[in-house]
Amino acid sequence: MHKLDFEQALKSIENINLARVAGRLVRVNGLLLECVGCVLAVGQLCRIESHDGSMMDAQVVGFDHEITHLMPFKHPVGLIAGAKVYPAEKEESVLVGMQWLGRVVNGLGEPLDQKGKLQGETPLPRHIAQIHPLTRRSVDEPLDVGVRAINGLLTIGKGQRVGLMAGSGVGKSVLLGMITRYTRADVVVVGLIGERGREVKEFIEHSLGESGLAKSVIVAAPADESPLMRLKATELCHAIASYYRDRGLDVLLLVDSLTRYAMAQREIALSLGEPPATKGYPPSAFGLIPKLVESAGNSEGQGTMTAIYTVLAEGDDQQDPIVDCARAVLDGHIVLSRQLAEAGHYPAIDISQSISRCMSQIVTNDHQRAARTVKQLYGEYMNIKPMLPLGGYVAGSDPLVDRAVGIAPAIHHYLQQEVGFGATLENTIEDLQSLVQRS
């Protein structure tokens, strides 16, 4: 062997790690794991050895003096006292590409649909990428979502962030399925976060259908997943949507639900000892929501990213802290009414409590005047409605109320829509103009 080759061989040996750094697992407290003997940074990934030799993935979520707190991605089964904890030597990035369309993945980007390994060429960022406020493009073009009540009276723009507020069992998921199937967006990214496991398959087969799935990416983290996995799934949705937006496509992001995301953060924060604040939610939960929402929207490129978040109003309380926080940071909110749902009115959108803050800058003046007229007449009718069966109102007392009572059946018909029927934006506007002229 030449002297030069021998020296290079010696140098290569110096770079080989003869010992592997490892910590020790000293406590399992619910979903929180405690480790000592190893220096780990917050947010770093690591692997824990179980009793059968298999490895469990976890992430560092905090520390207390020499104790490092870990949270596993999956439920901790098979762990033993003194188990070795290894820092991740190299964190592999998730590669995304156009091949992801039509696929179903979990919060780590692993396939759930048994269609083979996912292919891609662009690594997704590990953390949510924020958009500089001065590089955001304004919302100046409407997005057709295929739902007549939204297209006509609560028009959503490309790049807008909207909340879908409702209690449980009022039809949020079905309405999301309609929007996914009938929207004219190029790509739809759907995050099913913290919902019932059976709803994932039902949403894909019944709400989406083959045509909807072909242009969609589904990220699923049901309620039985760990809170860390639910957080990762929500953030992965935004990373995937941002990738397609930056390729110049019109992207629609649907997250069901934002409340489950906040609940996952609540579980993690409370286990770390963070004090509960409003209704049991720690302050960090309210800090994560604006950070997540601000990662959506338009950037300086040609693509657009519209986001619709469902927000669970516990007990139909529109002053719920998560509902109130979401309403403050979003560009509009659509409220679903249980009273309308129980009366067979679908979709159960209460237009009197709903608003699209970007509607005035994306629709024509005629469209805006027609929408304002319909909402005014609808509000007058809902105010006088309890008095009509009792004979408390006499026709001719108020011309505006007479007009509202006369047009009320047509407004109700306009606001209702069958699940299997999509309404285009053009036809919706024409029907709205005809409705106003007829009154």
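Let's start inside strand β16 (residues 304-312), where A307 has its place. Keep in mind as we go that this is a predicted model. Is A307 buried or exposed? With a relative accessible area of 0%, A307 is buried, because anything under 20% counts as such. Leaving out residues up to four places away in sequence, A307 touches Q160, R161, V162, L253 and A296.

Among contacts between residues at least 6 apart in sequence, 72% join residues at least 24 apart. Of the protein's 439 residues, 51% count as buried. The secondary structure comprises twelve helices and 18 strands, and the C-alpha atoms fill a box of roughly 105 × 45 × 40 Å along the principal axes.

Now zoom out to the domains. The protein is divided into domain 1 (18-87), domain 2 (100-363) and domain 3 (367-438). Between domain 2 and domain 3, the C-alpha centres are 30 Å apart. Across that boundary, 26 residues of domain 2 are in contact with 24 residues of domain 3. An unreviewed UniProt entry also carries the annotation "domain: AAA+ ATPase" for residues 158-340. In the model, that span is 48% helix and 21% strand, and its end C-alpha atoms lie 28 Å apart.

What holds the record for contacts within the largest nonpolar core? This core has 58 residues, and L153, I179 and I349 touch the most other members. It draws at least three residues from each of domain 2 (100-363) and domain 3 (367-438). Beyond its neighbours within four places in sequence, L153 is in contact with R148, I351, M359, A371, V374, K375, Y414, L415 and L432.

From packed side chains we can turn to empty space. Rolling a probe the size of a water molecule over the atoms shows where such space is left. The largest pocket has a volume of about 1300 Å³. Its lining is made up of 48 residues, and L45, E92, S93, V94 and L108 lie nearest the centre. Which elements give two or more residues to that lining? They are β3 (45-49), β4 (55-64), β9 (122-123) and α5 (227-246). The largest share, nine residues, comes from α5.

The structure holds one cavity of 30 Å³ or more, and the largest cavity has a volume of about 30 Å³. V174, G177, M178, R181, Y182, S207 and V419 line this cavity. Helix α3 (residues 172-182) provides the largest share of that lining, with five residues.

Finally, let's look at some details of the backbone. Most residues other than glycine have a negative phi, and most peptide bonds are trans. Where does this model depart from a trans peptide bond? The bond from D256 to S257 is cis, with omega near 10°, and S257 is found in the loop between β15 (250-256) and α6 (258-271). A cis peptide bond also joins Y346 and P347, with omega about -5°. P347 is in the loop between α9 (338-342) and β18 (355-356).

Positive phi values turn up in loops as well. H65, which is not a glycine, has a phi of about 55°, and its place is in the loop between β4 and β5 (67-72). With a relative accessible area of 70%, H65 is exposed, because the cut-off for exposed is over 50%. K279 is also a residue other than glycine with a positive phi, near 55°, and K279 lies in the loop between α6 and α7 (283-294). Its relative accessibility is 44%, so K279 counts as partly exposed.

Definitions and conventions: Residues numbered from 1 in each chain as written. Predicted model: local features only at pLDDT ≥ 70, side-chain atom pairs only at ≥ 80, totals over all residues. Heavy atoms only, no water. UniProt positions renumbered as here; feature names shortened; annotations may be inferred. Helix = DSSP H or I, 4+ residues; strand = E, 2+ residues; numbered from the N terminus. Core = buried A, V, L, I, M, F, W, Y, C linked by side-chain atoms within 4.5 Å. Buried < 20%, exposed > 50% of the residue type's maximum accessible area, 1.4 Å probe, protein only. Domains from an automatic or database assignment. Contact = heavy atoms within 4.5 Å. 1 Å grid on protein atoms, 1.4 Å probe; cavity = no way out; pocket = protein on both sides within 12 Å on 5 of 7 lines; lining within 4 Å. Points joined across faces, edges and corners; volume = space filled by probe spheres on them.
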